[in-house]
Amino acid sequence: MAGAAIRRRQLTGRNIMNTTKGYYSLIQFCPNASRLESVNVGVLLFCPDIKFIEARTSRSVIRAEKLVGRAGLDKLSLNAAKIAFERRLHTDRDAFKNLDDLQRFVDSRGNVLKLTLPRPVKVLNPDQDLDNLFRELVGGAARKQPNEPSLTDSALDSFFKQLQRQGRAKLDWDVTIPLLDRSLHVPYAYQNGVWNLVKPHQFPAQERKALSSAGRLAFEGDLLFKHPTDDNGQKKLIIICSYEQDAASVSLQERVENVLRVYNVKTIPSKQLETFLAEVARQAHA
């Protein structure tokens, strides 16, 4: 039924003057690639001529539960993957210029969320047509789409608040930096043998200022790592890296992240947020 509805819209679209060519891919939850079992949890629509790419993902996890059983589903990890997937499309939208770019993205998927091969579709109103595709192919309610979501207000904030409700994370922690006797505000923290202090940080676009900021964080992170306290044990600083300008040079990003890494500070580029959250969901304990 859904496929017939899409074909009818494709045929109708040929008679509409202001249509544009688009491609859609289903977003599928596939917990075990070798068994080739999956359920639809969202849909992506890409219109290269008007530079539109966006996804709708399901608010519910009922279909995923039916596939693996309630006890076998990590809801937190799945929801985090959905949020981070949408976030990545938002931050990397300029990288999608043609069908080949979308195909490379489809081929690169490496976690429980997979994408089907892109299929062509005529598009009149991208947002409305995406909603229609979601209703036809996924069903149920879609997650609320935030306007221009910020890093902490979307994936990180939603994820760690849920983790905290489970007793597996700490929020808004003012950590004392050894030897300096000053505090560092950390919005999120979790344990996996050591305390991991997760701090989003936006670096300036200017090289001198960016490296200066990286140096300060590296110094603080190194002291936290090398001087564990008796009350909370060893701590490792994790910086979620973003930049004032999306076009910040690759060279600058590499230099910033290398400075931090040398001084025992783990770096997570914002485009790798999806993988990071899935890793935290597996490792964090009370």
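I began with how the chain folds back on itself: among contacts (heavy atoms within 4.5 Å) between residues at least 6 apart in sequence, 69% join residues at least 24 apart. I noted that this is a predicted model, in which local features need pLDDT of at least 70 and side-chain atom pairs count only at pLDDT 80 or more, while totals for chains, interfaces and linings use all residues. I also noted that residues are numbered from 1 along each chain as its sequence is written, and that side-chain values use heavy atoms, with hydrogens and water left out.

**Confidence.** I looked up pLDDT, the predictor's confidence in each residue, from 0 to 100, and found that the chain averages 84, with 88% of the residues scoring at least 70.

**Elements.** I recorded nine helices and 10 strands in the chain; these are DSSP runs, helices (H or I) of at least four residues and strands (E) of at least two, numbered from the N terminus.

**The sheet.** I followed five strands that form an open sheet in the order E6-E7-E8-E9-E10, with mixed pairing, where two strands pair if DSSP finds at least two bridges between them. Strand E6 (170–177) and strand E10 (266–269) stand at the edges with a single partner strand each, so one side of each is left without a neighbour in the sheet. E6 and strand E7 (residues 182–191) pair in the antiparallel sense over seven bridges, and Ile177 stands opposite Arg182 in E7. I then saw that helix H8 (residues 250–262) packs on the sheet, touching E8, E9 and E10.

**Helix H5.** I checked helix H5 (residues 126–137), which has 12 residues and reaches 16 Å from its first C-alpha to its last, close to the 16 Å expected at 1.5 Å a residue; the expected span is 1.5 Å times one less than the number of residues. Among the buried residues of H5 are Pro126, Asp129 and Phe134, buried meaning under 20% relative accessible area with a 1.4 Å probe, protein chains only. Just after H5, Gly139 takes a positive phi of about 85°. For the whole chain of 286 residues, I noted that 47% count as buried.

Notes: Buried means under 20% relative accessible area, exposed over 50%, partly exposed in between (1.4 Å probe, protein chains only). Axes are lines fitted to C-alpha atoms, for helices over the stretch in contact, and angles run from 0 to 180 degrees between N-to-C directions.
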